[in-house]
Amino acid sequence: TAQAMAAAGWPLLLLLALLVLSPSRPETGDIVLKAPTQVHGFLGDSVTLPCQLQLPSTEVTHVSQLTWTRLGDSRSVAVFHRTQGPNYPESERLEFVAARLGAELWDASLRVLELRAEDEGNYTCLFVMFPQGSRSAVTWLRVFAKPQNTAEAQNVQLTGEPVPVARCVSTGGRPPARITWYSDLGGMANMSQEPGLLSGTVTVTSLWILVPSSQVDGKNVTCKVEHESFEKPQLLAVNLTVYYPPEVSISGYDGNWYLGQTEASLTCDAHSNPEPTGYEWSTTMGPLPPSAVAQGAQLLIHPVDKSINTTFICNVTSALGARQAELTVQVKEGPSSEPPGPMAASTSDNRPVSYAPVANSSQDSQTEVTR
């Protein structure tokens, strides 16, 4: 009896094995509702919310109504009835793209005209069918506004304290733009936001702040603006402007000037913003020696005599004031056998040149100027 039961069970086991080993086939009778999870448009433009019903060739159904609702709203925003046609309870800026009276309602795509910020939200597309019941899909409508971006330097003077040296503004973006800075100069950003001119938009302002110095003048920092409507970030270079009084040094003396030397010269090296407007040469004893002739930033000496044993002063003026440098020359009896070495910005006995502001200068005002 046991052998008979085992023999009878073999066909059933064989059938189960065949079912397990056979490849599975996907269902071909499913109804598919095609709608994107997210759609975006721009303020003032039109945008379409696609929603289409796909039926297998063997499926028979009748769609009686198409309905669009918005999350958080109690009423439908758009309805298309098979016999009554379209109805838009809350807005005249909506229209069905493909649905028509007398035709099969396979396409519920909805167009939104003249987009506003308040149109943003989650929308549900619903097909009411017989005999299958209903099918729905949700699409997130996002409303963008592409911002306009500008960047400019802030004209500053030497303050000794951190101040804004560059300003970057992203105007009228939705959502707000993101601003970052690239700088090799150090510093920090200060960001603020305010409502844009169009409802729902935001203007973002970012200031780059650091302690201004002459080394900062003419250098670049870069404002980087990112926004969801951009294919790639926008980079805006800013050339910084720092106004500062003259920074002065004297070069040209190598420590080996000697009596009877036919010619020599000193150069007054000055940097300022705005540019220097005048150079004045003198000595700590008063006027220049007879053998020294001033020509702007240069002092020409011919010949070198004992009167050149003195401390020369170069006074440089600009719109922001006056500054000076000093250099002491010691003339030797004869040429040196050693090769000359540079003595720029130092005296012959290696004392540093002094940089002293001119007291009570009428031009030492710190009034703001423009380049």
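Tutor: Let's settle one word before we start: buried means under 20% relative accessible area, exposed means over 50%, and partly exposed is in between, using a 1.4 Å probe and protein chains only.

Some ground rules. This is a predicted model, where local features need pLDDT of at least 70 and side-chain atom pairs count only at pLDDT 80 or more, while totals for chains, interfaces and linings use all residues. Residues are numbered from 1 along each chain as its sequence is written, and side-chain values use heavy atoms, with hydrogens and water left out.

Now the bonds. A disulfide is a covalent bond between the sulfur atoms of two cysteines; here the working criterion is a pair of cysteine sulfur atoms within 2.5 Å. Searching the whole structure turns up 3 disulfides. Count the bonded cysteines along the chain and the pairing reads 1-2, 3-4, 5-6.

Back to Cys51, then. Its partner is Cys125, with the two sulfur atoms 2.0 Å apart. The torsion about that S-S bond is about -85°, so the disulfide of Cys51 and Cys125 is left-handed. This pair links distant parts of the chain, 74 residues apart: Cys51 is in the loop between β3 (47–49) and β4 (52–54), and Cys125 is in strand β10 (residues 121–130). As for those element names, helices (H or I, at least four residues) and strands (E, at least two) are DSSP runs, numbered from the N terminus. Cys125 also counts as buried, since its relative accessibility is 1%.

Next along is the link from Cys168 to Cys223, where S to S is 1.9 Å. Cys168 belongs to strand β14 (residues 163–173) and Cys223 to strand β18 (residues 220–226), so this bond ties together parts 55 residues apart in sequence. Its S-S torsion comes out at -70°, and the link of Cys168 and Cys223 is left-handed. Cys168 is buried with a relative accessible area of 0%, and Cys223 counts as buried at 0% as well.

That leaves Cys268 and Cys314, joined with an S to S distance of 1.9 Å. Here too distant parts of the chain are linked: Cys268 in strand β21 (residues 264–273) and Cys314 in strand β25 (residues 311–318) are 46 residues apart. With -100° about the S-S bond, the link of Cys268 and Cys314 is left-handed. Both Cys268 and Cys314 are buried.
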